[in-house]
Amino acid sequence: TSRALEVRGLSVTFTTRRGPVPAVVDVDLDVARGELVALLGESGSGKSAAARAIMGLSDRNATVTADTLKLGDTDLRTLSEQRHRKLRGTRMSLVFQDALSALNPVLSIGDQLGELFREHRDLSRKAARAAAVDLLGQVGIPAPARRISDYPHQFSGGMRQRILIAMAIALRPELIIADEPTTALDVTVQAQILELLDTLRRDLDMAVLLITHDLGVVSEVADRVMVMYAGRVVEAGSADDLLSRPAHPYTEALLRSVPRADRREGRLHAISGSPPSPANQPAGCPFHPRCEYVVDDCRTTRPPLLASTVNAARFAACHRSEEVGHVAVAG
Ligand code: SF4
Ligand code: MG
């Protein structure tokens with residue numbers, strides 16, 4: 001497998017009136033072609049800030065630094081704004097949560113897709129339209145030839161999300177970053193959209209970085225998972241392994257908070273407390289105020305992200321990771 005995205009030591013710091021606020025701290029991340037990696041975290045964990053930094057779409061008040069930030073062989077750190085813009089849509093693209101606001105309401109779907117092909121592939125109007133019809137069929141829009149002149153508001157939420165995905169894959173990017181792509185959709189449609197992403201990355205050999213707060217989404221499609229908390233990766237590993245044997249108390253608590261159909265009482269085990277504000281992080285382990293495993297050391301010493309002694313592909317940032325996950329959390 002070839003590496004589509006390589007990130008080492010990514011940090012994003014916001015300049016605010018109250019001083020610098022670290023939103024992302026020292027994140028390492030790889031996604032190979034054909035691979036789907038989930039970046040899992042609550043809102044404010046830094047996952048979206050990391051995604052925007054990779055796309056070159058950080059807010060004006062953000063300072064982005066990285067030791068490595070590469071799309072294929074292209075160093076994204078040294079690109080001009082203009083070249084970065086050119087890469088977006090062609091070699092990497094973003095799928096947002098809100099398809100309605102991401103699509104142009106006054107252009108038909110055919111015109112929006114056709115414009116991409118005419119501009120970047122130099123196709124004639126007719127050929128661009130034919131390519132757009134093909135693409136809509138590929139993302140599961142029924143009777144695409146008949147729908148091609150329709151406007152975004154004439155489609156359902158799920159169909160609009162498919163159209164957004166069509167636009168994202170139109171120019172065959174190496175990398176897609178999908179930021180909460182199914183959050184606005186109901187559960188059935190959500191599953192269909194995830195299945196579509198899953199199929200496309202295999203068929204087109206694309207790397208997909210899926211940003212989500214939803215463990216259900218992760219277990220559905222991810223090959224690997226990186227769990228973020230307070231701007232840092234606190235656990236990483238293969239999805240199967242991480243979800244069945246969490247090595248960080250935060251992941252374990254997230255797993256316990258997932259509602260299960262087979263659980264009689266239907267009571268959720270929510271994590272007590274809330275994540276720290278990036279401006280005001282606790283000393284030591286950032287999770288310690290909410291952690292059931294907390295010991296004195298946790299309040300003073302931040303645990304580094306270390307590979308597991310039994311599995312080099314598993315990483316956790318916890319002083320007690322060896323003791324976590326031995327209690328069956330699912331069931
Ligand atoms: Fe909990 Fe301590 Fe591990 Fe942090 S280092 S997750 S506080 S046990
Ligand atoms: Mg977000």
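Select T15 first: within β2 (19-32), the bridge partner of T15 is P20. Both the strands and the helices of this tour are DSSP runs, numbered from the N terminus (strands: E, at least two residues; helices: H or I, at least four). Next, select the whole of strand β1 (residues 3-16) together with β2; they pair in the antiparallel sense over 10 bridges. Strands count as paired if DSSP finds at least two bridges between them. β1 and β2 form a hairpin, with two residues between them.

The model is predicted: local features need pLDDT of at least 70 and side-chain atom pairs count only at pLDDT 80 or more, while totals for chains, interfaces and linings use all residues. Residues are numbered from 1 along each chain as its sequence is written, and chains are lettered from A and ligands numbered from 1 in the order in which they are written.

Now colour the domains. The domain assignment of the protein chain gives domain 1 (1-102 + 172-222) and domain 2 (249-331); such bounds come from an automatic or database domain assignment. The centres of the two domains, taken over C-alpha atoms, are separated by 24 Å. Nine residues of domain 1 are in contact with six residues of domain 2, where contact requires C-beta atoms, placed from the backbone, within 7 Å. On the side of domain 1 that touches domain 2, β2 and α9 (215-221) each supply at least two residues. β2 gives the most to that side, with three residues.

Eight strands form it, in the order β7-β8-β9-β3-β10-β11-β13-β12, with mixed pairing. β7 (92-95) and β12 (306-307) stand at the edges with a single partner strand each, so one side of each is left without a neighbour in the sheet. Select strand β11 (residues 232-238) and strand β13 (residues 315-316), which pair in the antiparallel sense over two bridges. Here the bridge partner of E235 is A316, in β13.

Finally, select ligand 1. It is surrounded by 13 residues, and the closest are C285, C291, Y293, C298 and C318. A residue is near the ligand if its C-beta atom, placed from the backbone, lies within 6 Å of it. The shell around ligand 1 divides into nine nonpolar, three polar and one charged residue. In this division Ala, Val, Leu, Ile, Met, Phe, Trp, Tyr, Cys and Pro count as nonpolar, Asp, Glu, Lys and Arg as charged, and the others, Gly among them, as polar.

Definitions and conventions
Two residues are in contact if their C-beta atoms, placed from the backbone, lie within 7 Å.
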